[in-house]
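Please keep the sequence and the coordinates at hand while reading.

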Amino acid sequence: MGDGKNLIKYVGVARLDSGADHCIMASYCQDDFESEYVRYLNKILSQDSKLKEGKLLRIPASKESYDFLVKLPRPEAGYDMRLAVVGVIDRSMPKNKCASLCKNITIEFKEAHKPRKIILARDGSLSKSSKKLFLAAIKEHGTDKMERLQGQLGAVKEQMKTNLLATMERGDNLEDIEVGTRDLMDGAQRFNQTSSALKRMMCCKNLKMTILLTLFILVILTVIIVIAVCTQGDSCKQKKDNNNGNWVVGNWVAQNVVAHVNRAIVDRH
């Protein structure tokens, strides 16, 4: 039950009838020794002369580290039944906690069960319906406060440790993401530089090809013009047959020039 040392082993409510007659109507035990506890508590409840209303009776168990507890509440007006809170508690449980436990159980038990139901109850008949209030009382009064605080402090420390480890792990992940982003940016920058250099190289190559092709065309045109002028000028003074031969040679040269130009254009593309 909760954090810390458990101070309550057994708790119950008994109805005291006339003389030594009594009935433990409801009980709750946290270990396997309930029969032993009940046997000894029955002996105590049978000694009706030792039980006084409003007095907390605490009897140490021989050769054990626990005490038997019996508390009869003070009588109330209009409530003529004698009830007793019984229990088995650790010897280290302080007296004020025992008194608070008995008072709390008495109030909760009377509110949970009507008088007629209490009168007709037998041994253990109200245990099931009273389990919830017994558990609540044990949780509230049955643990050592210092040990419970220490347990809570330990839980907080463990939670803080877990949170710190998670934060460190997230920091490592963020660092990996930052490194990856930096690598991507460097790669993009290198790609841009390479693309720019390649573009400049291709432009220079195209410019060179254009200049060479232009020069080649100019040379060919110059040759054609010179041949044409020479074949038609009066200074050449050649025979008609020779002129015809020159025209044939000129046509052959022109055809070859056009073929070379077309081939150069195709190679360029």
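With which side chain does the side chain of S130 make a polar contact? The model under discussion is a predicted one, and in it the partner is the side chain of H113, at 2.8 Å. S130 has its place in helix α4. Its relative accessibility is 0%, and S130 therefore counts as buried. Leaving aside residues up to four places away in sequence, S130 touches A26, F109 and H113.

Helix α2 covers residues 95-112, which makes 18 residues. From the first C-alpha to the last, α2 reaches 26 Å, close to the 26 Å expected at 1.5 Å a residue.

Five strands make up an open sheet, arranged in the order β2-β1-β5-β4-β3, with antiparallel pairing. At its edges lie β2 (22-29) and β3 (56-60), each of which pairs on one side only. On average, and with direction ignored, neighbouring strands of the sheet are turned by 20 degrees against each other.

Two helices pack on this sheet. Helix α1 touches β1 (8-16), β2, β3, β4 and β5, and its direction makes about 45 degrees with that of β4. Helix α4 (residues 127-141), the helix that holds S130, touches β1 and β2, and its direction makes about 60 degrees with that of β2.

Within the sheet, the pairings can be followed strand by strand. β1 is joined to β2 by seven bridges, and the two strands run antiparallel; V11 stands opposite Y28 in β2. β1 also pairs with β5 in the antiparallel sense, over eight bridges. In that pairing, I8 has I89 of β5 as its bridge partner, and V13 stands opposite V85 in β5. Strand β5 (residues 82-90) is in turn joined to β4 by six bridges, again with an antiparallel course. V70 has V86 of β5 as its bridge partner, while D67 stands opposite I89 in β5.

How far are β1 and β5 covered? Eight of the nine residues of β1 are buried, so this strand is largely enclosed by the rest of the structure. β5 is mostly covered as well, with eight of its nine residues buried.

The structure holds four aromatic pairs. In one of them, the ring centres of Y37 and Y66 lie 5.6 Å apart and the ring planes stand at 80 degrees; because edge-to-face applies to planes over 60 degrees apart, this pair is edge-to-face. The pair links distant parts of the chain, with Y37 in helix α1 (residues 34-46) and Y66 in strand β4 (residues 66-71), 29 residues apart. The rings of Y66 and F68 form another pair: their centres are 5.7 Å apart and their planes stand at 85 degrees, so this pair too is edge-to-face.

Y37 has a relative accessibility of 2% and so counts as buried. Y66, at 7%, counts as buried, and F68, at 3%, counts as buried. Ring pairs link Y10, Y37, Y40, Y66 and F68 into a cluster.

K55 has its place in the loop between α1 and β3. Is K55 buried or partly exposed? Its relative accessible area is 45%, so K55 is partly exposed. In sequence, K55 and L72 are 17 residues apart, and in space their C-alpha atoms are 6.5 Å apart. Not counting residues up to four places away in sequence, K55 touches V70, K71 and L72. Of these, V70 is the residue whose bridge partner in β5 is V86, which brings the description back to the sheet.

Conventions
Residues numbered from 1 in each chain as written. Predicted model: local features only at pLDDT ≥ 70, side-chain atom pairs only at ≥ 80, totals over all residues. Heavy atoms only, no water. Helix = DSSP H or I, 4+ residues; strand = E, 2+ residues; numbered from the N terminus. Expected span 1.5 Å × (residues − 1). Phe/Tyr/Trp six-rings, centres within 6.5 Å; stacked < 30°, edge-to-face > 60°. Buried < 20%, exposed > 50% of the residue type's maximum accessible area, 1.4 Å probe, protein only. Pairing = 2+ DSSP bridges. Axes fitted to C-alpha atoms, helices over the stretch in contact; angles between N-to-C directions. Contact = heavy atoms within 4.5 Å. Polar contact = N/O pair within 3.5 Å; in protein donor to acceptor, adjacent residues only side chain to side chain.
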